[in-house]
Amino acid sequence: MNKNELQPRCVFEQFAKINEVPRPSKHEDKMIEYLKNWGKEHNLDTLVDETGNVIIRKCATPGYEDRETVILQSHMDMVCDKLVDVDFNFNTDAIQTYVDGEWLKAKGTTLGADDGIGDAIQLALLASEDIEHGPIECVFTRDEETGLTGAHGMKAGFMTGKMLINLDSEDEGQIFVSCAGGLSTKAIFKFVKEDAPNGYFFIKAQLKGLIGGHSGDDINKHRANAIKILTRFLYKEQDKYDIRIAQFTSGKMHNAIPRDGYFTIAVPNNAKENIKADWNIFASDVEDEFHVTDKNMIFNMESTDAEKVLPANVGSNFVKSMQGIHNGILAMCQDEAISWMVETSSNVASIVTTDTDITIVASQRSNVMSNLENMGNTIKSVFELAGAEVSQGDRYPAWKMNADSKLTKIAVDSYKRLFGKEPKVLGIHAGLECGLFSERYPDLDMVSFGPTLRFVHTPDECLFIPTVQMVWDHLKEILKSIPSA
């Protein structure tokens, strides 16, 4: 199968065009302009709000004028990650895709199907001339991935429909009706770098090849976190030797499990061989721990050039805090019906070192807002004990299930008619913009679904091609089944 044969063709053609438009989170200007021009070219009512969200409205097809207005919604930005040896500029370059069996993938970068495929489905529907539907509003929000900026900034009244279908879920056959809330915790250790003591040797250690993944959807898969592994080694070694940290870099996005990283340290000359031996033993132990989830770990340690280092106490406190903070699942849901679902978790997401500070970002999620606060305070307190400056932000609410949802019933019944089986109606541990919409539009009836994606937020991101047709058919069946207003 080649890319020109992908079905539904109308959706994949739109997706290919979208992937020619650079759209990193917080840099969506080109995508906003693309959507504005697209709407005007198709003679559709197109508006952009002050935050940068785009809405394109389409009138009902003949015979469906009396139906409830349905909002379709996806986000226009994408997570930008690439393999370390791939030369690619997300601000200028088009995503290069290819077909691998029944999967669509990108060449060494994230694919952008999260949520470009949702955008493509909306544009294909807007461009169609033979699909039966009532009035529709297609909404494209900005900066979902790094701050939910579009949903935060959207004012009441921008959307007018009473039913909303979010196209940002990643498992076909699953209809989501609730999501976790979240917040991010940032810790900064400040310092003035200094020369390493005399008689010290500089070592650079690197870890790569981890699976990584989405810090919400994949937190229950027990995948390795590069930051926690690297700092774990440093904690063990600083108990035995006077280690001085020069650099530590790992992770990129607050909502991705870090899949690679490195540190540079200065060690006493008489300890360097012991530390290298300890590294080899440590690597073997960790590979054994994660032999199921992360089979292709690559550990490397080598000598490197001298540079200035952190003061001893700052470096020690940094390492101790990283050993101590929670990473992974804190609690599972208590309700028996959803006891399989993660309730509360935290992900240590990124570390960046400059000449004056080390900045750590961790993200917390929970379906129970009081436990979200508790998880955030747990992370915050460890950093405070270590002497870091701590701030918290990017908080967003959970989306609570509506037991009387008419849209959920329509989505379930139409799925059964089409495919002869029951879809799963679930909550999700990831954050969705539906949580924020529920605050400004408290009466909005919402569901979320989408085609099957795997390894989102990583260069291994891929889209299961057959499920796009299934979602497309399901969406069309729902739109035909919307009741009169």
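Q: What does "buried" mean here?
A: Buried means under 20% relative accessible area, exposed means over 50%, and partly exposed lies in between, using a 1.4 Å probe and protein chains only. Asp81 is buried, with a relative accessible area of 7%.

Q: What kind of model is this?
A: This is a predicted model, in which local features need pLDDT of at least 70, side-chain atom pairs count only at pLDDT 80 or more, and totals for chains, interfaces and linings use all residues. Residues are numbered from 1 along each chain as its sequence is written, and side-chain values use heavy atoms, with hydrogens and water left out.

Q: Which residue forms a salt bridge with Asp81?
A: Lys252 does, with the closest N and O atoms 3.3 Å apart. A salt bridge is a side-chain nitrogen of Lys or Arg within 4 Å of a carboxyl oxygen of Asp or Glu.

Q: Where do Lys252 and Asp81 lie?
A: Lys252 is in the loop between β12 (244-250) and β13 (256-257), and Asp81 is in the loop between β3 (70-75) and β4 (97-100), so the pair ties together parts that are 171 residues apart in sequence. Strands (E, at least two residues) and helices (H or I, at least four) are DSSP runs, numbered from the N terminus.

Q: Is Lys252 buried or partly exposed?
A: Lys252 counts as partly exposed, at 47% relative accessibility.

Q: How many salt bridges are there in the whole structure?
A: A search finds 27. One of the pairs is Lys26 with Asp143, whose closest N and O atoms are 2.8 Å apart. Lys26 lies in the loop between α1 and α2 and Asp143 in the loop between β6 (136-141) and α4 (144-147), so this pair ties together parts that are 117 residues apart in sequence.

Q: And how accessible are Lys26 and Asp143?
A: Lys26 counts as partly exposed at 49% relative accessibility, whereas Asp143 counts as buried at 2%.

Q: Changing topic, at what angle do α1 and α2 pack?
A: Helix α1 (residues 9-18) and helix α2 (residues 29-41) pack at about 135 degrees, with their axes 12 Å apart. That makes α1 oblique to α2. Angles under 35 degrees count as roughly parallel, over 145 as roughly antiparallel, 65 to 115 as roughly perpendicular and the rest as oblique. Axes are lines fitted to C-alpha atoms, for helices over the stretch in contact, and angles run from 0 to 180 degrees between N-to-C directions.

Q: Which residues meet there?
A: Gln14, Lys17 and Ile18 in α1 meet Met31, Tyr34 and Trp38 in α2, where contact means heavy atoms within 4.5 Å.
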